[in-house]
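Trainee: I would like to learn how to read a protein model, one feature at a time. Where should we begin?

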Amino acid sequence: IAVVGYGRIGEALALKLNLLGAKVTVYVRKLSGVAKAQSQGLNGRRIEFVNKESSLCELTSGYDLIYNTVPYWIITEDIIKNIPKTTMIVDLASAPGGIDMLAAKKYDLNVIRALALPGKTAPETAGEIIAESIINTVKEELVI
């Protein structure tokens, strides 16, 4: 399983999937995110950007399931056209989502759009996670 993004939702999702016995690879922007994922027993890969296009070509093979949590159009047609039709994609990002839905339809991929699902289905828990994340970020920024 691939999890694109390792923010609050991506991290919680990847860790739960790992506990269920899935082989999880997390795709993140920062090297610190790769290190964090690896320290938590996950495979970590860095997403690199060239001219606003991501280098997520690794998503095109080896995954039965891809979760996206990045609210930026990151899984583009260049990637989608090479993803096997047997791969399911779930978009959990906030609107507008991170998957080119026209391309997904064009290449007949199975995509579930569950945009901002955590906030819709468990708003209190999602709010607590966001609050904790903000508090931790502020604490880290204040440490000199």
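Trainee: How many helices and strands are there in the protein?

Mentor: There are six helices and eight strands. Helices (H or I, at least four residues) and strands (E, at least two) are DSSP runs, numbered from the N terminus. Listed from the N terminus, the elements run β-α-β-α-β-β-β-β-α-β-α-β-α-α. Residues are numbered from 1 along each chain as its sequence is written, and side-chain values use heavy atoms, with hydrogens and water left out. This is a predicted model, where local features need pLDDT of at least 70, side-chain atom pairs count only at pLDDT 80 or more, and totals for chains, interfaces and linings use all residues.

Trainee: Where is confidence lowest, and where is it highest?

Mentor: pLDDT is the predictor's confidence in each residue, from 0 to 100. Where it is low, the predicted coordinates should not be read in detail. Here the mean pLDDT is 83, and 77% of the residues reach 70 or more. Confidence is lowest in helix H5 (residues 117–121), at a mean of 54, and highest in S1, at 95.

Trainee: In what order do the strands of the sheet lie, and is the pairing parallel or antiparallel?

Mentor: Strands of a sheet pair through backbone hydrogen bonds, either parallel or antiparallel. In the rule used here, two strands pair if DSSP finds at least two bridges between them. Six strands form an open sheet in the order S3-S2-S1-S6-S7-S8, and the pairing is parallel. S3 and strand S8 (110–113) are the edge strands, each pairing on one side only. Val 3 has Tyr 67 in S6 as its bridge partner.

Trainee: Which strands does helix H1 touch?

Mentor: Helix H1 (residues 8–19) packs on the sheet and touches S1, S2 and S6. Contact means heavy atoms within 4.5 Å. The direction of H1 makes about 170° with that of S1. Axes are lines fitted to C-alpha atoms, for helices over the stretch in contact, and angles run from 0 to 180 degrees between N-to-C directions. H2 also packs on the sheet, touching S2 and S3, and its direction makes about 170° with that of S3.

Trainee: Which residues of H2 are buried?

Mentor: Buried means under 20% relative accessible area, exposed over 50%, and partly exposed in between (1.4 Å probe, protein chains only). In helix H2 (residues 31–39), the buried residues are Gly 33, Val 34 and Ala 37. They cover an arc of only 105° around the axis, which puts them on the same side of H2. The arc is that of the directions from the helix axis to the C-beta atoms. Leu 31, Ser 32 and Ser 39, on the other side of H2, are exposed. The cover over the buried residues includes S2 and strand S3 (43–46).

Trainee: How many aromatic pairs are there?

Mentor: A pair of aromatic rings is described by the distance of the centres and the angle of the planes. Rings of Phe, Tyr and Trp (its six-membered ring) pair if their centres lie within 6.5 Å; planes under 30 degrees apart count as stacked, over 60 as edge-to-face and the rest as tilted. By this rule there is one aromatic pair. Tyr 27 and Tyr 63 form that pair, edge-to-face, with 6.3 Å centre to centre and 75° between the planes. Tyr 27 lies in strand S2 (residues 25–28) and Tyr 63 in the loop between strand S5 (53–54) and strand S6 (65–68), so the pair ties together parts that are 36 residues apart in sequence.
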